[in-house]
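Good morning, everyone. Please look at the sequence and the model while I talk.

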Amino acid sequence: MGFSQRLIDGSGYAAEGFAQAYDEFRPSPAPAVLSILTMQAGAARPSLVIDLGCGTGLSSRAWSERAVRVVGVEGNPSMVAQARAATAAPNVEFAGRFAHDTGLAPAVADIVTCAQSFHWMEPGPVLAEAARLLRPGGVFAAYDYDVVPVIEPEVEAAFRAHVAARSAARRRFGIEAGATTWPKSGHLGQIEESGHFRYSREVHCHAEDAIDADRLVGLAQSIGPLALFDGADPEVEATLAALRETADRVLDNRVWPALRSYTIRLGVR
């Protein structure tokens with residue numbers, strides 16, 4: 001069994017109903033991210049964007065008005081089904097395959113992306129496939145946002161406590177995590193060391209957002225279902241309840257301004 005399949009099997013992301021909630025509460029990529037990539041690719045309107053590990057298609061649909069054609073590639077059948085159900089744009093399509101073996105033609109893409117997904121993949125084969133798909137001068141980008149938004153200190157602290165509790169529970173249960181095996185901090189080095197790209201660098205940007213208590217808690221739940229721990233880790237449930245209480249009390253049924261921070265690791269073919 002491959003690395004990505006193991007992560008899918010152990011993540012709970014294939015559970016019934018999870019993909020729909022994920023699609024509802026996870027953010028679409030910031031326009032600034034897409035602008036950076038089109039600038040680096042020298043393509044104001046890319047002819048083809050390939051989005052590897054596209055999940056429910058949020059990161060693929062974002063390109064629908066900017067690119068001629070978009071192909072999202074995803075190995076989780078539940079996520080692919082949700083992506084197809086949620087996508088009306090005729091120029092966006094989805095392939096139920098893994099990122100290292102897309103089955104797509106070579107040298108056809110202006111941009112290949114991994115949006116919040118590269119840590120779910122074995123980097124060597126995926127970088128080789130991305131390089132195969134890109135035309136000369138095309139851009140590969142592994143980009144991630146900080147899941148905890150910049151919003152309000154007490155709320156952020158409660159969110160971070162829940163994330164920490166989940167991470168500790170995964171370790172206790174021996175549940176494999178992609179970001180532990182392939183930390184995001186190593187993405188740029190992997191791109192550089194692959195030898196497939198003539199230029200690479202790390203870029204940062206942010207997006208303004210607005211969020212209320214329900215959306216914040218939904219975002220926290222989109223990290224993974226509590227059923228993953230089978231009710232055997234009360235700390236995870238307690239920190240989620242604390243986040244709900246804190247968000248309800250502090251945000252007080254109002255929509256608050258927030259920021260999402262992005263880190264983009266890119267390579268030019």
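I will go from the whole chain to the sheet, then to some helices and single residues.

First, the ground rules. This is a predicted model, where local features need pLDDT of at least 70 and side-chain atom pairs count only at pLDDT 80 or more, while totals for chains, interfaces and linings use all residues. Residues are numbered from 1 along each chain as its sequence is written, and side-chain values use heavy atoms, with hydrogens and water left out.

Now the whole chain. The protein chain has 11 helices and seven strands. Helices here are DSSP runs of H or I with at least four residues, strands are runs of E with at least two, and both are numbered from the N terminus. The radius of gyration is 18 Å, close to the 18 Å from the globule rule for 269 residues, so the chain is as compact as a globular protein of that length. That radius is taken over C-alpha atoms, and the rule is 2.2 Å times the number of residues to the power 0.38. Along its principal axes, the C-alpha trace spans about 50 × 40 × 35 Å.

How much of the chain is buried? Of the 269 residues, 54% count as buried. Buried means under 20% relative accessible area, exposed means over 50%, and partly exposed is in between, with a 1.4 Å probe and protein chains only. The accessible surface comes to about 11800 Å², and 53% of that belongs to carbon and sulfur atoms. These areas come from the Shrake-Rupley method with a 1.4 Å probe; for residues, only the protein chains shown count as cover. Next, contacts, meaning heavy atoms within 4.5 Å. Take those with a separation of 6 or more: residues 24 or more positions apart account for 79% of them.

On to the sheet. Seven strands form an open sheet, in the order E3-E2-E1-E4-E5-E7-E6, and the pairing is mixed. The edges are E3 (92-95) and E6 (199-211), each pairing on one side only. On average, neighbouring strands are turned by 20° against each other, direction ignored. Two strands pair if DSSP finds at least two bridges between them. As background, strands of a sheet pair through backbone hydrogen bonds, either parallel or antiparallel.

Look at E7, residues 256-268. E7 pairs with E6 in the antiparallel sense over 13 bridges. Val203 stands opposite Ile264 of E7, and Tyr199 has Val268 as its bridge partner. E5 also pairs with E7 in the antiparallel sense, over seven bridges. Is E7 enclosed or open? Of its 13 residues, 10 are buried, so E7 is largely enclosed by the rest of the structure.

Now a helix against the sheet. H6 (residues 123-133) lies across E1 (49-52), E4 (109-115) and E5 (134-145), and runs at about 135° to E5. Axes are lines fitted to C-alpha atoms, for helices over the stretch in contact, and angles run from 0 to 180 degrees between N-to-C directions.

Next, H2, residues 18-25. Which of its residues are buried? Phe18, Ala19, Tyr22 and Asp23 are. They cover an arc of only 135° around the axis, which puts them on the same side of H2. The arc is that of the directions from the helix axis to the C-beta atoms. An α-helix has 3.6 residues a turn, so residues three or four places apart point the same way. The cover over the buried residues of H2 includes H4 (58-61), H5 (77-86) and H10 (213-221).

Finally, some single residues. His162 sits in H7, residues 153-173. At 1% relative accessibility, His162 counts as buried. Leaving out residues up to four places away in sequence, His162 touches Ala220, Leu226, Val236, Thr239 and Leu240.

Gln116 has a phi of about 55°. Gln116 lies in the loop between E4 and H6, and counts as buried at 10% relative accessibility. Asn253 has a phi near 60°. Asn253 lies in the loop between H11 (234-251) and E7, and is exposed, with a relative accessible area of 79%.

One more: Ala81, in H5. At 46% relative accessibility, Ala81 counts as partly exposed. Its C-alpha atom is separated by 9.7 Å from that of Gly55, 26 residues apart along the chain.
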